[in-house]
Amino acid sequence: WSEQKPEDWWEQSKEGIRELVKDVDKSQVAGISFGGQMHGLVILDENDNVIRPAILWNDGRTAKQTDYLNTVIGKEKLSEYTANIAFAGFTAPKILWVKENEPDNFAKICKIMLPKDYLAYRLSGAFVSDYSDASGMLLMDVKNKCWSKEMAEICGISLEMLPELHESFDAVGTLKPEVAAELGLPETCKVVAAAAVGTGTVGDGMCNVSLGTSGTVFISSSKFGVDSHNALHAFAHADGHYHLMGCMLSAASCNKWWMDEIIRTKEYTKEQENITKLGENNVFFLPYLMGERSPHNNPDARGTFIGLTMDTTREDMTQAVLEGVAFAIRDSFEVAKSLGIQIERTKICGGGAKSPLWRRMIANVLNIKVDRIESEEGPALGGAMLAAVACGVFSSVEEAAEKIVRVTETIEPEPELVEKYERQYQKFAKIYPTVKDLFTELL
């Protein structure tokens, strides 16, 4: 289970805003926007009190509800209603879990929102969400950009409980007078719907890989499209178009777990210094420490090392962890390719992107150019860019991305290494199908 108190976000956000603006002319602050956690369930009662702690995006308790949606309601119906199938992290299964396990709390629900929408509500009083993040709730008809009546019915909620939908770059309100006074900001300060575009991944066929706690592959598209197995999420994009997203639940967090908990070191860079035999490792790692979303949709999947011998070294295992994440990202790329999407380069962000070795692995496993950007904190920069569009500083999200996002380095794939990693990936791709039935037995 994974929960947080929305009231804590509010207190900490106010503290963060105060710190950010303490040395600037506060009257110049024109807009506030957010990067969000997606998928989390925040529920309020009729007095706007939080009913229970938010159930977060990486919470895995909803296996039963997810299974009900995918098998009883059926994947075809879900895809027809929302362009997606049920994943344990999505919001709709969480609502069903509360309904089933906490009926008293369910009966009190007056408003349902995502984590960043709660902040927007506290700042402005506007009960809103943006098309992009709302796409991940399994409650929205993504193609037609409206709430799905059928899904609301399935979850036993009314459409009135759901926020008003906007484009990510829309100004949805201004600061409440009492909040403006508390933060020392002008009451004219706009609050923007928001979802992140900070890596500049806007425009047809643009791609971003995020190596954060979770890993995401984000492919923007001018057209709406869904793969036949719904292995990738089909969502509305913050630039007003659409995007496909593959999400793995553990990415840089796999390396953190390996370094901090297993080999007990904080010397991340030092541990990677002696890894030189790329594409030749006999050890493989399945990075499913918290189950997996894309493309397997299996909350029971688990992290797995395979191929260990008496010759296996510490470096081999560290390398396997890094490569396992890269191979799992490639799984999502393969789905995109099956839709006829040609990707020639990707931007990269997140904590894991700081590692030159990992960037090189990604470039060669995916066989595409990898652009490192100046700001590794994509979501926060994206929020600022969307606020700038809403305040009229830029005419479009594309223009904001063009002017603000700067590439500092490009990692080119190396043909010989690409060939080696192709062979390695084909081996990796056979491991999960071979062991997946074991995972349920091991629980």
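So, K111 and F127: K111 lies over the face of the F127 ring, at 5.8 Å from the ring centre. Please keep in mind that what we have on the screen is a predicted model. There is another contact of this kind at W1, where the charged end of R61 sits over the ring, 3.7 Å from its centre.

Together with E3, R52, D59 and E102, R61 is linked in a network of salt bridges. How many salt bridges does the structure hold? The count is 26. Let me walk you through three of them.

Start with E11 and K14. These two form a salt bridge, and their closest N and O atoms are 3.6 Å apart. Both residues lie in helix α1, three residues apart, which is about one turn of the helix. Are the two partners buried or exposed? E11 has a relative accessible area of 41%, so it is partly exposed. K14 is at 6%, so K14 is buried.

Next, please find K145 and E167. Their side chains meet in a salt bridge at 3.1 Å, N to O. This pair links distant parts of the chain: K145 is in the loop between β7 (140-141) and β8 (146-147), while E167 is in the loop between β9 (164-166) and β10 (171-174), and the two are 22 residues apart. Both K145 and E167 are buried.

Why does D371 count as buried? Its relative accessibility is 6%, and the cut-off for buried is under 20%, so D371 falls on the buried side. R345, with a relative accessible area of 37%, is partly exposed.

Now let's turn to the aromatic rings. The structure holds 14 aromatic pairs. One of them is F87 with F90, a tilted pair with 5.4 Å from centre to centre and 50 degrees between the planes. F87 is buried, and F90 is buried too.

W257 has 27% relative accessibility and so counts as partly exposed. W258 is at 5%, and therefore W258 is buried.

Rings can also join up in groups. Which residues do ring pairs link into a cluster? They are F284, F327, Y421, Y425 and F428.

On to the open spaces. The largest pocket has a volume of about 1,000 Å³. Its lining is made of 35 residues, and those nearest the centre are L20, I32, S33, F34 and A380. Which elements each supply at least two residues of that lining? Those are α1 (6-21), β2 (31-32), α5 (115-124) and α13 (378-390). Of these, α1 gives the most, with eight residues. Sorted by class, the lining of the largest pocket has 21 nonpolar residues, eleven polar and three charged.

The largest cavity has a volume of about 40 Å³. To find it on the screen, look for its lining residues: G215, T216, V217, G246, C247, M248, S294, A328, I329 and S332. Two or more of the lining residues come from each of β13 (215-221), β15 (242-248) and α11 (314-338).

You'll find G74 in helix α2 (residues 63-82). With a relative accessibility of 14%, G74 counts as buried, because the cut-off is under 20%. How far apart are G74 and E19? In sequence they are 55 residues apart, and in space 49 Å, C-alpha to C-alpha.

Conventions
Residues are numbered from 1 along each chain as its sequence is written. This is a predicted model: local features need pLDDT of at least 70, side-chain atom pairs count only at pLDDT 80 or more; totals for chains, interfaces and linings use all residues. Side-chain values use heavy atoms; hydrogens and water are left out. Helices (H or I, at least four residues) and strands (E, at least two) are DSSP runs, numbered from the N terminus. Buried means under 20% relative accessible area, exposed over 50%, partly exposed in between (1.4 Å probe, protein chains only). On a 1 Å grid over the protein atoms alone, a cavity is a set of points where a 1.4 Å probe fits but cannot get out, and a pocket is an open set with protein on both sides within 12 Å along at least five of seven lines; lining residues have an atom within 4 Å of a point. Grid points are joined across faces, edges and corners, and a volume is the space filled by probe spheres set on the points. Ala, Val, Leu, Ile, Met, Phe, Trp, Tyr, Cys and Pro count as nonpolar, Asp, Glu, Lys and Arg as charged, and the others, Gly among them, as polar. Rings of Phe, Tyr and Trp (its six-membered ring) pair if their centres lie within 6.5 Å; planes under 30 degrees apart count as stacked, over 60 as edge-to-face and the rest as tilted. A charge sits over a ring if NZ of Lys or CZ of Arg is within 6 Å of the ring centre and within 35 degrees of the ring normal. A salt bridge is a side-chain nitrogen of Lys or Arg within 4 Å of a carboxyl oxygen of Asp or Glu.
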